[in-house]
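Hi,

Here is the structure I said I'd pass on.

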Amino acid sequence: MSLAAEDFRYISDLVHRHSAIVLEPGKEYLVESRLTPVLRDEGSGSIAHLVQRLQSRREPTLTTKVVEAMTTNETSWFRDQHPFDLFAGHLLDTLQSTRNAERSIDVWCAAASTGQEPYSLAMLLQDWLLAHPGWRGRIVATDLDEQVLTRARTGRYSQLEVNRGLPVQRLVRHFSRAGTEWELDEGLRRMVEFRQLNLATPFPPTTGTYDVVFCRNVLIYFDLATKRAILGRLKQVLRPGGFLVLGGAETTLNIDEDFERVQIERATCYRVRSGKARS
């Protein structure tokens, strides 16, 4: 398959308009590999033919399939480990004092993919709640891609997927066999509410406010203006004293100075500076 420059530019512009994801020159291989299943499903012989269809008539469903195909859904259980140690070992205990009046903790996982990250957080939050009777907790998990959210809601994973980062003790405790797959127990599934949300557009009024926001390995795909806009919106949904957790290659430095960096052991998180709280 050979991708013409004008077809790459069209796909890049389309994906940027709908998701703000930046596909720079040199990513032609990524477009070719990600769109191969779409070509097969649509019966298109080439990306050039797919582009012709998109240019010649309005096909919202096809546009969504192309954009979703270009999003990155790489994930695993307790990915990078340190942010989860931070959540269980420090953030929840810190929030115990700031949220003592409400006795509830709300978490937003803003790049849910197929669910491994929000369910990892749910396991840790469930453990903490069991040790702190009278407290409540919930996790909202969002993603741009409705297809991966549909999978996440099932709570079912292949052997290969549970082998990626899930400790065997957690597998035995939280999963049961379902044919060739593993199914997460209902209690944990009920703790997580999955919603479709595009981080690159204004958040809907129903987004809510949160004590902890995990938004990891997402900002790296956006240009500076989009990163600044997203951080501005995240600042509005963080409750006073709340924490923002980004990916290891991401930072608020030189993007939004209203955030301050907090280093705790081997993990980093961010808080809104005093006097810069959400209005």
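On charge, the chain carries 36 positive and 35 negative side chains, and the centres of the two sets lie 3 Å apart. Lys and Arg count as positive here and Asp and Glu as negative, with His and the chain ends not counted; each charge is placed at NZ of Lys, CZ of Arg, CG of Asp or CD of Glu.

Before you read on: this is a predicted model, so local features need pLDDT of at least 70 and side-chain atom pairs count only at pLDDT 80 or more, while totals for chains, interfaces and linings use all residues. Residues are numbered from 1 along each chain as its sequence is written, and side-chain values use heavy atoms, with hydrogens and water left out.

**Overall build**

The chain has eleven helices and ten strands. These are DSSP runs numbered from the N terminus: helices are H or I with at least four residues, strands are E with at least two. Along the principal axes, the C-alpha atoms fill a box of roughly 60 × 50 × 35 Å.

Of the 279 residues, 50% count as buried (under 20% relative accessible area; exposed is over 50%, partly exposed is in between, with a 1.4 Å probe and protein chains only). The chain exposes about 13,300 Å², and carbon and sulfur atoms supply 50% of that. Those areas come from the Shrake-Rupley method with a 1.4 Å probe, and for residues only the protein chains shown count as cover. Among contacts with a separation of 6 or more, 74% are between residues 24 or more positions apart; contact means heavy atoms within 4.5 Å.

Two strands pair if DSSP finds at least two bridges between them, and two bridges is what joins strand 3 to strand 5 (residues 181–184). In that pairing, Tyr157 stands opposite Trp182 of strand 5.

Further along, strand 9 (residues 259–264) and strand 10 (residues 267–272) pair antiparallel over six bridges. Phe259 has Val272 in strand 10 as its bridge partner. The two strands form a hairpin with two residues between them, and Glu265 in the turn has a positive phi of about 50°.

Helix 4 (residues 60–70) has Leu62, Thr63, Val66, Val67, Glu68, Ala69 and Met70 as its buried residues. Their cover includes helix 1 (5–19), helix 2 (28–42), helix 3 (47–56) and helix 7 (146–154).

Glu117 sits in helix 6 (residues 116–131) and counts as buried, at 6% relative accessibility. Not counting residues up to four places away in sequence, Glu117 touches Thr75, Ser76, Phe84, Cys109, Phe214 and Arg216. Met123 is also in helix 6, and is buried with a relative accessible area of 0%. Leaving aside neighbours within four places, the contacts of Met123 include Trp77, Phe78, Leu166 and His174. The C-alpha atoms of Met123 and Gly187 are 9.9 Å apart, across 64 residues of chain.

**Loops**

Most residues other than glycine have a negative phi, which is the background for the next two. Ala20, in the loop between helix 1 and helix 2, has a positive phi of about 70° and is buried at 9% relative accessible area. Phe78 lies in the loop between helix 4 and helix 5 (82–98); its phi is positive too, near 50°, and at 8% relative accessibility Phe78 counts as buried.

Beyond its neighbours within four places in sequence, Arg99 is in contact with Ser104, Asp106, Trp135, Asp211 and Arg239.

Cheers
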